[in-house]
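Me: I have a structure to go through before I set anything up. Can you walk me through the folds piece by piece?

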Amino acid sequence: MATKTVTVDYIARVEGESALRFDIRDGVVENVRLSIFEPPRFFEALLRGRRFEEVLDIVARICGICPVAYQMSGVAAIENLLGIEVDPQIHALRRLLYCGEWIESHSLHIAMLHAPDFLGYPDGMAMAADHGDAVRRALALKKAGNELLRLLGGREIHPVNVRVGGFYRVPSNAELAPVAESLKRAHDFAVATLRWAATFPFPDCTRDYEFVALRHPDEYPMNGGRIVSSLGLDIAAADYQDAFVEHQVPHSTALHSTLKRRGGYLVGALARYALNRDRLPADLQALADEAGLDPVCRNPFQSILVRAVEVIYACGEALRLIAEYERPARPFVSVEPRAGIGYGCTEAPRGMLYHRYETDSDGTIVEARIVPPTSQNQGTIEEDLRQVAMAGLDLDDEQLKANCEQSIRNHDPCISCAAHFLTLDVHRS
Amino acid sequence: MSAGAAPRVLVAAIGHPDRGDDGAGPAVARRLKPHLPADVRLIESNGDMLALIDEWVGCAAAILIDASAPGRNPGRIRCLDLVSRRLPAEFARNSTHAFGLAETVELARALGQLPPRLVVYLVEGERFDTGAPLSPAVAAIVGKVTEKILAELPDICRRAKMSADSDA
């Protein structure tokens, strides 16, 4: 019996530190392990004993790519706990801030992290020499996203302007006007990016995912909605722990998450699109059709197209929000601490992000729970890897490793968030 | 410089003032600020390195000041020409969360968006703790880096003006 072990010691072009290892024994792929060795970061523990007002600035530090997501789920949970309803314009500004993060995070991933896989380059820098226009568009998109974060969040990375009850400061219409001009150009760049990505060679791959995402009565989901799945799950954020369970596996410092009695599931762009395509404007649905996307896309390699669709959406949505903006009379409502439990679930660029906080009567955090999207997707990513490896058994090790790394990048994992990167070992026998 | 034209020389101080020796760049910027000619634009950057490309596009020259990782000589100053050579791997950022200076420079090179002159002053740091001041070794050389840049600027500005005049 011959066994071959395939290992990738450090996965490039993902956020965080992880490794991949699996065995090939008699033509069967076994023991697929996405090993996350990024040290545990203990954010939930260090939130205990802090004031509820401190939560948003602390959780923003979990991630340099998606700090807004942590602030949005955090503020939703704390305001749920305190029974606060914010002004509709505050809601609109938070959605606008989230649009900024989706634009910059997705654009960076599409052009600099994922596209090189399809075009055969080792990284975005090497690709830029031959695909300069695409990279320049991505940089312009990222800049537009950054402008939103800087104006609404106070700075581009780890924003500081969101507070419980609203914002510390809200922008004037005059301040938003130049950002709208950048977003108009960005929208055109985003359409060009989708058309560029639609020309990529996509491997045949169909996965039987259970998609999980938020669904909102009116909006493509960002800041709220019910948790729904392609197999009929339909619950409020408050019921998350009734349906989902986290468990530890020996090879990862990040907890794996499964649906009780059902197992693995997928969150992220593919899931959002599959469950909410009807919430996209008709012209954008037509662009998605033109790019070759089915209404429900089960080919994870095509996730790059869905992200490109979402960047177009975020640019258009941001323009709509700015056009309808009326500066609120007050930037925030006053809040009083109370004992209770609050739940918040929003859509980070990489998928659904759940927060739960319990406070005592003076507003001190007693318990915190944060379930990031990459943590939820780990088991499903391992199953993707098993399938990709099985399909590539005849390939040489380098190509097999490349295919496996690409399949991980299909889901734009943020491993630092989940632990809180990737070494690939292939063992053949 | 004609009225309203963008300054053609950029000085970019990279780093965070509240992260120990990562604040070397901002500390030099504070010393430079009162002495800079009108045609020099000074910025501080502690966020998205990729945004630097937009800052130096159109400039005739850019001077960067950054801290480098600890080695055996805290406070050591190195000045590297990034147009003629890559930033050595030892100075590349070991982070997956953001593009560092080395990746930013190489991306700009691939896109043909490097300024004609691009130099970086690297100050070897000793400690990068949150909230910490500069280490004594780094604090001691802030003035020296400032003087070196101020000594170099007249020639850089003169060449930038010649370049602008020839463009016109």
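Reply: A definition to begin with: two residues are in contact if their C-beta atoms, placed from the backbone, lie within 7 Å. In chain B, residues 24 or more positions apart account for 79% of the contacts with a separation of 6 or more.

Me: Where does the model come from, and how is it labelled?

Reply: It is a predicted model: local features need pLDDT of at least 70, side-chain atom pairs count only at pLDDT 80 or more, and totals for chains, interfaces and linings use all residues. Residues are numbered from 1 along each chain as its sequence is written, while chains are lettered from A and ligands numbered from 1 in the order in which they are written.

Me: ok, how many helices and strands in chain B?

Reply: Chain B has five helices and five strands. Helices (H or I, at least four residues) and strands (E, at least two) are DSSP runs, numbered from the N terminus. The order from the N terminus is β-α-β-α-β-β-α-β-α-α.

Me: And what share of chain B is buried?

Reply: Buried residues are 41% of the 168 in chain B. A residue is buried if 20 or more other C-beta atoms lie within 10 Å of its own, exposed if 12 or fewer, and partly exposed in between, with C-beta atoms placed from the backbone.

Me: How many residues of E3 in chain B are buried?

Reply: Eight of the eight residues of E3(B), residues 61–68, are buried, so the strand is largely enclosed by the rest of the structure. One side has B:Ala61, B:Ile63, B:Ile65 and B:Ala67, the other B:Ala62, B:Leu64, B:Asp66 and B:Ser68.

Me: Which strands does E3(B) pair with?

Reply: E1(B), residues 9–14, runs parallel to E3(B) and is joined to it by five bridges. E5(B), residues 117–124, is also parallel to E3(B), with eight bridges. Two strands pair if DSSP finds at least two bridges between them. B:Val11 is opposite B:Ile63, and B:Ser68 is opposite B:Glu124 in E5(B).

Me: Helix packing next. How do H1 and H5 of chain B cross?

Reply: The axes of H1(B), residues 24–32, and H5(B), residues 142–167, come within 9 Å and cross at roughly 60 degrees. Axes are lines fitted to C-alpha atoms, for helices over the stretch in contact, and angles run from 0 to 180 degrees between N-to-C directions. The two helices are therefore oblique to each other; angles under 35 degrees count as roughly parallel, over 145 as roughly antiparallel, 65 to 115 as roughly perpendicular and the rest as oblique.

Me: Which residues meet there?

Reply: From H1(B), B:Ala24, B:Ala27, B:Val28, B:Arg31 and B:Leu32 meet B:Val142, B:Gly143, B:Val145, B:Thr146, B:Ile149 and B:Leu150 of H5(B).

Me: Switching to chain A. What is the order of the sheet with E11 in it?

Reply: It is an open sheet of three strands, E11-E12-E13, with antiparallel pairing. E11(A), 340–348, and E13(A), 365–371, are the edge strands, each pairing on one side only. Nine bridges join E11(A) to E12(A), residues 351–359, and A:Thr346 stands opposite A:Leu353 in E12(A).

Me: What packs on that sheet?

Reply: H12(A), residues 373–391, touches E11, E12 and E13 of chain A, and its direction makes about 130 degrees with that of E12(A). H3(A), residues 67–82, lies across E11 and E12 of chain A, running at about 150 degrees to E11(A).
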